[in-house]
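This report goes through selected features of one protein chain. Please look at the sequence and the structure before reading on.

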Amino acid sequence: MTTPQDLFLVSLDVPGEYPVEQGDLSLALAGAELVDLLGARALTLDGDRVVPGPALTTGDRMLDEAGAALVRQEPYEPVEDWLWRRGRGLAAAYRDGLESAGQLAGRRRHWLPGRGGDGTPADTPARQHAADRWWSREPVLAGLAAAVGIEDERPAEAPDDEAVVTVLVAVGDAVAELNAVRERRRIENAAFDNIWRAP
């Protein structure tokens, strides 16, 4: 399983005060793809710019699509631009891919220990893999999950790779920007409604 797949499954199965926003999740999934492509040496970062390496086949269709979507002309693309471009509709694409692979079969369960669940096993091996990674507080998955509002009281170590930290920070910034846009729209809509209600 890949980091984006694990993040998607954690977003379904970890109970939280609020459901994960699909836009937030899409941005984080794009960041998770960058992290996995970094690990596969399909790209490097030069500051905050995504520098593609040789075209590689990872064995995962979504990661291969992400690798093929990298901008290959200088000055290359900043991480945040990649998140917004690649992230568009990405949560739905991962949901569809996992459903077609049979990884979302069965009813949704809250099965992660210490998160208010009943401790029952995951419905699929993929969900169990995501749960194991979450429960071990793996730094990348924990950082991405925190960016979309999935919190855990147990602290996670920071990743020791500077490029990965750059990606995680960019994901957090992009999600915060998206939330600011949502809040601004909410305020504008409320003000508009008040105008129409005024006597």
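## Overall layout

The model is predicted. It contains eight helices and three strands. Read from the N terminus, the order of these elements is α-α-β-β-α-β-α-α-α-α-α. The protein has 199 residues, and 42% of them are buried.

## Helix H1 and Thr3

Helix H1 spans residues 3-13, and Thr3 lies in it. Thr3 has a relative accessibility of 4%. It therefore counts as buried, since the cut-off for buried is under 20% relative accessible area.

The side chain of Thr3 makes a polar contact with the side chain of Asp36, at 2.7 Å.

## Loop residues with positive phi

Two residues other than glycine are described here for their positive phi: Arg41, with a value of about 65°, and Arg137, with a value near 60°. Arg41 is in the loop that runs between helix H2 (22-39) and strand E1 (43-46). Arg137 is in the loop between helix H6 (125-135) and helix H7, where H7 covers residues 139-147.

Arg137 has a relative accessible area of 12%, so it is buried. The cut-offs behind these two labels are over 50% for exposed and under 20% for buried.

## A cis peptide bond

The peptide bond between Glu74 and Pro75 is cis, with omega at about 10°. Pro75 belongs to the loop between helix H3 and strand E3. Helix H3 covers residues 61-68, and strand E3 covers residues 77-78.

## A negative patch on the surface

Which residues form the patch of negative charge on the surface? They are Glu157, Asp160, Asp161 and Glu162. One of them, Asp160, sits in the loop between helix H7 (139-147) and helix H8 (162-197).

Asp160 has a relative accessible area of 79% and is therefore exposed. Its value also meets a condition for patch membership, because patches are made of residues with over 30% relative accessible area and no salt bridge.

Note on methods:
Residues are numbered from 1 along each chain as its sequence is written. This is a predicted model: local features need pLDDT of at least 70, side-chain atom pairs count only at pLDDT 80 or more; totals for chains, interfaces and linings use all residues. Side-chain values use heavy atoms; hydrogens and water are left out. Patches are made of residues with over 30% relative accessible area and no salt bridge: like charges are joined within 9 Å, nonpolar side chains (Val, Leu, Ile, Met, Phe, Trp, Tyr) within 5 Å. Accessible areas come from the Shrake-Rupley method with a 1.4 Å probe; for residues, only the protein chains shown count as cover. A salt bridge is a side-chain nitrogen of Lys or Arg within 4 Å of a carboxyl oxygen of Asp or Glu. Lys and Arg count as positive and Asp and Glu as negative; His and the chain ends are not counted. The place of a charge is taken as NZ of Lys, CZ of Arg, CG of Asp or CD of Glu. Helices (H or I, at least four residues) and strands (E, at least two) are DSSP runs, numbered from the N terminus. Buried means under 20% relative accessible area, exposed over 50%, partly exposed in between (1.4 Å probe, protein chains only). A polar contact is a pair of N or O atoms within 3.5 Å; within protein, one must be able to donate a hydrogen and the other to accept it, and residues adjacent in sequence count only if both atoms are side-chain atoms.
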